[in-house]
Amino acid sequence: MAEVLVLVDHANGEVKKPAAEMLTIARRLGEPSAVFIGPGAETAKDLLARYGAEKIYAVSDPAALEHLVAPQAEVLAQLVQEKSPAAVLIPSNAAGKEIGARLAVKTDSGLITDAVDVQEGPVTTQSVFAGSYTVQAKVTKGTPIICVKPNSAAPEQANGAGAFEELSVSISDGAKAAKVTASEPKKASGRPELTEAAIVVSGGRGTGGDFSPVETFADALGAAVGASRAAVDAGWYPHSSQVGQTGKQVSPQLYVAAGISGAIQHRAGMQTSKTIVAINKDEEAPIFELVDFGVVGDLFTVLPQATEAVKGK
């Protein structure tokens, strides 16, 4: 059975949830092999094996992380050349999509980004053209390189061998042209990362700038908080929380849109969510065309009641 390379998403050695999701997907396609770039591989190997990694390729060379993403693409390119994998799975975030694009060029292979499902073939499902269409696609040239959105699969444990191999890689001078000179951790909010959260509660123009009922409801659910472009442009919420075509694209199990009309710009960033609930005073709001459940009402009345109901369980 051919290997399927999975680039492990981690923060200073702490493995993020999408890694377990992609290892689960990899088992549909072949034999999962985790690629861990940076410090912490030894600590993470048991967790990766628990989610099915038969092999773990570790690259601890500091140069692989201190020069932006180009060295990571070179590491994967060398592995593709040596192992001839059935596919390469990469997190579909800003860094991952750049790594995937560079890898596709280096290996003369096809690339699919923002996949929300991957099945045997590999055949992917994507939302394209600002969310106007859902399509199935597959790579027809070279090694399939697939960037997978968070929450595209439920992580399933399946003990793998976890054979550990430290790799010695060669990083070109060209890949070292840009160097990270300083970094600092993002200030913790106590809420999940927006793009990885299983539940997202977003507020829009209907909040009038008061996001307190949105945040209180999100905290009751253990959810992340998002915002529409209108709310962000008005200065009511940080740009880092914007959901939409020009913001972050999310695909949680549950998405709650409060006071959001549902313009195509916003829909493009959230309509692959598994279940969508909308709260809006305007029964003609476009968001109601998309939802699984809709509530016509004032969010300042509906959300506090919903929060109490959640807390009461």
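Where is Asp114 found? Select Asp114 and you land in strand E8, where strands (E, at least two residues) and helices (H or I, at least four) are DSSP runs numbered from the N terminus.

Before going on, a word on what is on screen: this is a predicted model, in which local features need pLDDT of at least 70, side-chain atom pairs count only at pLDDT 80 or more, and totals for chains, interfaces and linings use all residues. Residues are numbered from 1 along each chain as its sequence is written, and side-chain values use heavy atoms, with hydrogens and water left out.

**Stop 1**

Most residues other than glycine have a negative phi, and most peptide bonds are trans. Asp114 is also buried, with a relative accessible area of 15%; buried means under 20% relative accessible area, exposed over 50%, and partly exposed in between (1.4 Å probe, protein chains only).

Now pick Ser84, in the loop between helix H3 (70–83) and strand E7 (87–91). Ser84 is not a glycine either, and its phi is near 45°, a positive value. Is Ser84 buried or exposed? With a relative accessible area of 53%, Ser84 is exposed.

Next, show the peptide bond from Gly121 to Pro122: this bond is cis, with omega near -10°. You will find Pro122 in the loop between strand E8 (111–119) and strand E9 (123–128).

**Stop 2: rings**

Select Phe211 and Tyr237, and show their side chains. The structure holds one aromatic pair, and the rings of Phe211 and Tyr237 form it, with their centres 4.4 Å apart and their planes at 20°, so the pair is stacked. For such a pair, the rings of Phe, Tyr and Trp (its six-membered ring) must have centres within 6.5 Å; planes under 30 degrees apart count as stacked, over 60 as edge-to-face and the rest as tilted.

Which parts does the pair tie together? Phe211 lies in the loop between strand E13 (199–203) and helix H5 (212–221), and Tyr237 in the loop between helix H6 (229–233) and strand E15 (254–258), so the pair links parts that are 26 residues apart in sequence. Phe211 is buried, at 4% relative accessible area, and Tyr237 counts as buried at 13%.

For another ring, go to Phe164. The charged end of Lys45 sits over the ring of Phe164, 5.4 Å from its centre; this description applies if NZ of Lys or CZ of Arg is within 6 Å of the ring centre and within 35 degrees of the ring normal.

**Stop 3: two helix pairs**

Colour H3 and helix H4 (residues 94–107). Their axes are 9 Å apart and they pack at an angle of about 45°. Axes are lines fitted to C-alpha atoms, for helices over the stretch in contact, and angles run from 0 to 180 degrees between N-to-C directions. H3 and H4 are therefore oblique to each other: angles under 35 degrees count as roughly parallel, over 145 as roughly antiparallel, 65 to 115 as roughly perpendicular and the rest as oblique. Among the residues making the contact are Leu76 and Val80 of H3 and Ile99 and Leu103 of H4, where contact means heavy atoms within 4.5 Å.

Then bring up H5 and helix H8 (residues 299–311), which pack at an angle of about 20° with their axes 9 Å apart. That makes H5 roughly parallel to H8. Residues in this contact include Val214 and Phe217 of H5 and Leu303 and Val310 of H8.

**Stop 4: last picks**

Select Val250, in the loop between H6 and E15. At 1% relative accessibility, Val250 counts as buried. Not counting residues up to four places away in sequence, Val250 touches residues including Lys149, Leu194, Tyr255 and Met270.

Move on to Val296, in strand E17 (residues 293–296). Leaving aside neighbours within four places in sequence, Val296 is in contact with Asn280, Lys281, Glu283 and Phe288. Val296 and Ile279 are 17 residues apart in sequence and 5.9 Å apart in space, C-alpha to C-alpha.

Finish at Ala263, in the loop between E15 and helix H7 (264–267). Ala263 is partly exposed, with a relative accessible area of 42%.
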